[in-house]
Amino acid sequence: GRAWRPFTMTSLAPAAQSAIAKLPREPLGGRVNFGTGARIRRRDLPQELPVQIREALDVALVGGGSAPVKERLEAVTRLSDLASDHSAKDRASAEDALHRILSEVSGDDCEPLREAAAAALWKAWLLSGDPEIDAMMERGAAWMEKKHFGEAIRVFSEVIDRAPSYAEAWSRRATARFLREDYDLCLEDCHRALALKPRHFACLTGLGMCYQAKGDTIEAIKWFKEASRVHPGLEGPSLIADSLGRQAAVNRRLRPRIVAAVQSLKDAQAQEESAGSIQTTWDMCLVSEDSSAGLWTYVVRVRVLSREAEKARAIARFYALHLEGGRIIPLVRVTAGEAGFSIAPGEEYRFVWHLVLSTEVIGAAGGLLFERGDVATEEAENFVYSSMGKLVPEGPIPSDEVERMMLGYIEHGRLDLRRLAASDNDAAPKD
């Protein structure tokens, strides 16, 4: 679902609780022993930083085995204590230092250190400095756990009235409003939280999720990327941004092709044939028909031959199905996992799949989109389009011929469209 749970916390998210529990403990007034041996030191730390923060940040950011991981984690703990202490004059500087660790830490130990820094930031954000407000936040979290989002919003609103500068109250209310699908109000609360805590990676991710739910892909990608920049250890926002970007790129390049294919089926015109560096041919055969039960089953075979100078990766394909009665259904698929494939120069790739519908197919057209090389890119010259051309299904063929037809082809599964919604737009590609 679209729950925000991986990026916010109702009390403390289990991952953050675990990370905080693993932080080595030192008395708040004590000092971390940074060691007496020779050690590489950062030269780009501002000299105006308080000494204990500069030393802790220096230790935490040192890589290459110069400082043991235990010593680096102790430095993060010291910063965590300062950032969570509302009476500490250097609290803001300590929080800035934790953000710097989150985004800059390197070396073999970067993952536990990044987790510790993120957990320390959560701790600093969650503690309001007022026991009564903390208790109210716990009540709001309890309502969230019970999925009583209206009650949770009421409690978080009371906290905001009492402490409008407490960013986490805005963030929590944004989460509750998102789960109620009040996206516009959620956006308002996220922006209020970010005005107070501009690097609140949960709110940055939340903005991405909210814009995604509203169908605004460009804004969603923008905020997911910002969340990843602030917290490089968050895989979710980065993966979603990449996926949305890939889908948008595919749609931009395939939409004109789909429109042309649909028009060619409507007007009985010839579709462009595959004459480029990647040639695709295909056929579709009716395997069985039961018009009384509303069941037509087809086997679809696709053959791809590459004359590219380098390896190409199939990233998307589309089919436009012309059904009895005149309706045309466009289907688009971004290929990944088992449905995706790469093809080397001079290589041929064959795949087969089954199509099930509640009406007869009287014609079809399609195409595939490839990307040169192994690295995803937005440069237009790295994309190759291969038209599959138009066809009229053959058959019916005897069922015992199906296995023979599939020899030498890789099976890509079965697509059942009998429950496809009545509107053509349901299957149309979306940005």
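# Exercises on a predicted model

Strands β3 (residues 312–323) and β4 (residues 328–334) run antiparallel and are joined by seven bridges. Strands count as paired if DSSP finds at least two bridges between them; helices (H or I, at least four residues) and strands (E, at least two) are DSSP runs, numbered from the N terminus. This is a predicted model, in which local features need pLDDT of at least 70 and side-chain atom pairs count only at pLDDT 80 or more, while totals for chains, interfaces and linings use all residues. Residues are numbered from 1 along each chain as its sequence is written, and side-chain values use heavy atoms, with hydrogens and water left out.

## Exercise 1

Find the bridge partner of Tyr-319 in β4, then classify the aromatic pair of Tyr-319 and Trp-353.

Solution. 
1. Tyr-319 has Leu-331 as its bridge partner in β4.
2. Rings of Phe, Tyr and Trp (its six-membered ring) pair if their centres lie within 6.5 Å; planes under 30 degrees apart count as stacked, over 60 as edge-to-face and the rest as tilted.
3. Tyr-319 and Trp-353 are 5.0 Å centre to centre with 55 degrees between the planes, a tilted pair.
4. This pair links distant parts of the chain, with Tyr-319 in strand β3 and Trp-353 in strand β6 (residues 348–357), 34 residues apart.
5. Buried means under 20% relative accessible area, exposed over 50%, and partly exposed in between (1.4 Å probe, protein chains only).
6. Tyr-319 has a relative accessible area of 7%, so Tyr-319 is buried; Trp-353 is at 6% and also counts as buried.

## Exercise 2

Solution. 
1. The buried residues of α9 are Tyr-183, Cys-186, Leu-187, Asp-189, Cys-190, Ala-193 and Leu-194.

## Exercise 3

Determine the geometry of the ring pair Trp-122 and Trp-125.

Solution. 
1. The structure holds 10 aromatic pairs.
2. In the pair of Trp-122 and Trp-125, the ring centres are 5.4 Å apart and the planes stand at 75 degrees, so the pair is edge-to-face.
3. Both residues lie in helix α5 (residues 110–126), three residues apart, about one turn of the helix.
4. Trp-122 is buried at a relative accessible area of 7%, and Trp-125 is buried at 4%.

## Exercise 4

Identify which residues have a positive phi without being glycine, including Lys-147 and Glu-181.

Solution. 
1. Lys-147 has phi near 65 degrees and lies in the loop between α6 (131–145) and α7 (149–162).
2. With a relative accessible area of 58%, Lys-147 is exposed.
3. Glu-181 has a positive phi of about 65 degrees and is found in the loop between α8 and α9.
4. As a glycine case, Gly-325 takes a positive phi near 105 degrees in the hairpin of β3 and β4, which has four residues between the strands.
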